[in-house]
Amino acid sequence: MSGSDNPYGNSFGTQMSATANFGSAPQPAAGGGHIKDTTTATFTTDVIEESRNQPVLVDFWAPWCGPCKQLTPVLEKAVNEAQGRVKLVKMNIDDHPSIAGQLGIQSIPAVIAFVGGRPADGFMGAVPESQVRQFIDRLAGPAGADQAAEIEAVLEEASGLLAAGDVNGAAQLYGAVMQADPENAKALAGMAECMIAANQHQRAREALTDLPEGLANDAGIQAVITKLDQIEEARKLGDPVALEQDLALDPDNHDARMKLAKILNVEGKRDEAADHLLHIMRKDRTFDDDGARRQLLQFFEVWGFKDPATVSARRKLSAMLFS
């Protein structure tokens, strides 16, 4: 997917051109002493307090998890090469499940970054080493003139353009990144998001089909695939106006409320969608085997860790669960 082989180079009728100049990445140096295991009892000291000194990555894993075994050595290598800019704390969720449960982690491996005593960012899945390095550089700043950090800056700009509705501008930047780094999962996921925004859902799905394992398992790409699934499902759920009328007659019609939440989600009305699911949870946690909570957590995965709707709904969810 580089140069003339990049199938996304002119996806929106314009010639992609690399508008950013990427320097060569420096060779990292080896390091050590920045990795440890933690428990529920020591989590506050090892993570919350320590993250006030530098970012702390928490690796939630389990002995039976195959992707965890792939990710752990990649994480350890990248953290050691960061030479103290970040620390890595590993938590076995089989032995210590409560912290992962409180954070709403549904699948592993999951990595949550704590900065200043609070969760700041995160990802799930056995991502490639380049993605881990970019994640660390975004948290702790680049080690010198780092290509990964430059690429990350372009990706942030592309994300901003897409959020502002400039689909072509975002696609050009994502295309430039893919020319410089053909296996950049964020760029590929971003290009697929551009296709979705342009109502090219089938092309988006095709772009994310038959990927190499490292890309296919990336949490960002999986989130876009889930988003496409949600769009397809919502098309089959009926008329939202009729569902609202059903709720006006029977506010406890949880099935109608769940369908309406799914439709509102794909319409971009995230806060309203979350509020409907939270309403179901307040009324009946047994409905669909706690299906409203499971659906809300799936929304979080698609919306992203730092999306305002995720932050707001997660706060309400925590207040409901732990009050």
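1. Helix 13 covers residues 270–283, helix 15 covers residues 308–322, and they pack at an angle of about 10° with axes 10 Å apart. Axes are lines fitted to C-alpha atoms, for helices over the stretch in contact, and angles run from 0 to 180 degrees between N-to-C directions.

2. This is a predicted model, in which local features need pLDDT of at least 70 and side-chain atom pairs count only at pLDDT 80 or more, while totals for chains, interfaces and linings use all residues. Residues are numbered from 1 along each chain as its sequence is written, and side-chain values use heavy atoms, without hydrogens and water.

3. Five strands form an open sheet with mixed pairing, in the order 1-3-2-4-5. Two strands pair if DSSP finds at least two bridges between them; strands are DSSP runs (E) of at least two residues, helices (H or I) of at least four, numbered from the N terminus. Strand 1 (35–37) and strand 5 (118–124) are at the edges with a single partner strand each, so one side of each lacks a neighbour in the sheet.

4. Strand 2 runs parallel to strand 3 (residues 87–92), joined by six bridges, and antiparallel to strand 4 (residues 110–115), joined by five. Tryptophan 61 stands opposite asparagine 92 in strand 3, and aspartate 59 has valine 111 in strand 4 as its bridge partner.
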